[in-house]
Amino acid sequence: MHINSSEALLSSQDTEAIHPISMTTFNLTGYNTGAFTLLGIPGLEQHQELGLVPSWSAMVLFNLSSDNPGPFILVGIPGLEQAHVWIGIPFCIIYIVAIVGNCILLYLILVERSLHEPMFFFLSMLAKTDLTLSTAGIPKTLSIFWLGAREITFPGCLTQMFFLHYSFVLDSAILMAMAFDRYVAICSPLRYNSILTPKTIIKIVVGISFRSFCIILPDVFLLIRLPFCRTRIIPHTYCEHIGVAWLACADISINIWYAFCIPIMTVISDVILIAVSYTLILCAVFRLPSYEARQKALGTCGSHVCVILMFYTPAFFSILAHRFGHNVSRTFHIMFANLYIVIPPALNPIVYGMKTKQIREKVIIFFSIKGTLWKC
């Protein structure tokens, strides 16, 4: 007989996870020096033995010292525990595609002098950030699916959360920088090299990296300050700010408003600037007298627009569903949240390889040379 362990865990979490303890000794004189024995989760003792529910030694239900929180338990995808092994296969394939595609892209941009231009520099930065985004979440997800390695330490949880959120905000800033690059290239082509000098590019890269760091770093301190005296079970495959904050036994209003207002408003401002840039680009493109020039400009911008839509559409859906989608099932939300950290990194190099002529030609040459060497 199979009992959905996630439903039991989540129900215990929603009811403050108050578990019975047996007090063996208690000294009323001086300081409280009572010794307590944890009985675990009532009614789920058999499932604890099977590993479906973590035992008391694997999680701390009552934290008397918030300075050293115990490990957290990542459930995976609630409701689909029996299918975890099979779900992990497509995730692994897509992750491998993301790693290989972005590494090839970085290699080509590094070795081909014809690709040493501002647009491809930003593209290489996007590839590195995509590798960070997918690697911060997918390996741990696969270890949960295939190895049952559900535990994650509190420092490990904070580290994973930081790199996931930082990569997301930095990705958004890079897309904004790439939109600015295309705007200058199409609307002011004669001034392109004088505007986007190496010094200017370095300033842009340092600026957007520092901005992303300053936006996400407070998330870490907002979590460190919280006492975790309830269940440590996270119904997800990775640690994210609000998901961890909900486990605290303290007021998390600051966490909720900071997480929703500051990073989201920053990303929305990026989207507005990107939209303005491409509106101006389209106006300039349709004023070009030559049909071929218009087609070339639209083709160059087409790859950027595809990447922008692939990145923002699932991300905003996941964020808004997490905040307002009370009718969206938890299973669907978590599955979607996992897809948006692996699908865009896998598709970005493919889209740029197909849509950008310079990269497409270099990829064909790269694989033709590799094929010739393999035959030899």
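Reader: Is Phe162 buried or exposed?
Author: Phe162 is buried, at a relative accessible area of 12%. Buried means under 20% relative accessible area, exposed over 50%, and partly exposed in between, with a 1.4 Å probe and protein chains only.

Reader: What kind of model is this?
Author: It is a predicted model, in which local features need pLDDT of at least 70 and side-chain atom pairs count only at pLDDT 80 or more, while totals for chains, interfaces and linings use all residues. Residues are numbered from 1 along each chain as its sequence is written, and side-chain values use heavy atoms, with hydrogens and water left out.

Reader: What is the average pLDDT of the protein chain?
Author: The average is 78, and 78% of the residues score at least 70. pLDDT is the predictor's confidence in each residue, from 0 to 100. Over residues 1-66 the pLDDT is below 50.

Reader: Back to Phe162. Which residue forms an edge-to-face pair with Phe162?
Author: Phe163 does, with 5.4 Å centre to centre and 80° between the planes. Rings of Phe, Tyr and Trp (its six-membered ring) pair if their centres lie within 6.5 Å; planes under 30 degrees apart count as stacked, over 60 as edge-to-face and the rest as tilted. Phe163 is partly exposed, at 37% relative accessibility. Ring pairs join Phe162 and Phe163 with Tyr166 and Phe213 in a cluster.

Reader: Disulfides next. How many are there?
Author: The whole structure has two, a disulfide being a pair of cysteine sulfur atoms within 2.5 Å. Cys157 bonds to Cys239, with the sulfur atoms 2.1 Å apart. Cys157 lies in helix 5 and Cys239 in the loop between strand 5 and helix 8, so the pair ties together parts 82 residues apart in sequence. Helices (H or I, at least four residues) and strands (E, at least two) are DSSP runs, numbered from the N terminus.

Reader: And which cysteine does Cys229 bond to?
Author: Cys249, with the sulfur atoms 1.7 Å apart. Cys229 is in the loop between helix 7 and strand 5 and Cys249 in the loop between helix 8 and helix 9, so this pair ties together parts 20 residues apart in sequence. Cys229 is partly exposed at 25% relative accessibility, and Cys249 is partly exposed at 31%.

Reader: What is the strand order in the open sheet of three strands?
Author: The order is 4-3-5, with mixed pairing. Two strands pair if DSSP finds at least two bridges between them. Strand 3 (residues 72-74) pairs with strand 4 in the antiparallel sense over two bridges, and Ile73 stands opposite Glu151 in strand 4.

Conventions
Contact = heavy atoms within 4.5 Å.
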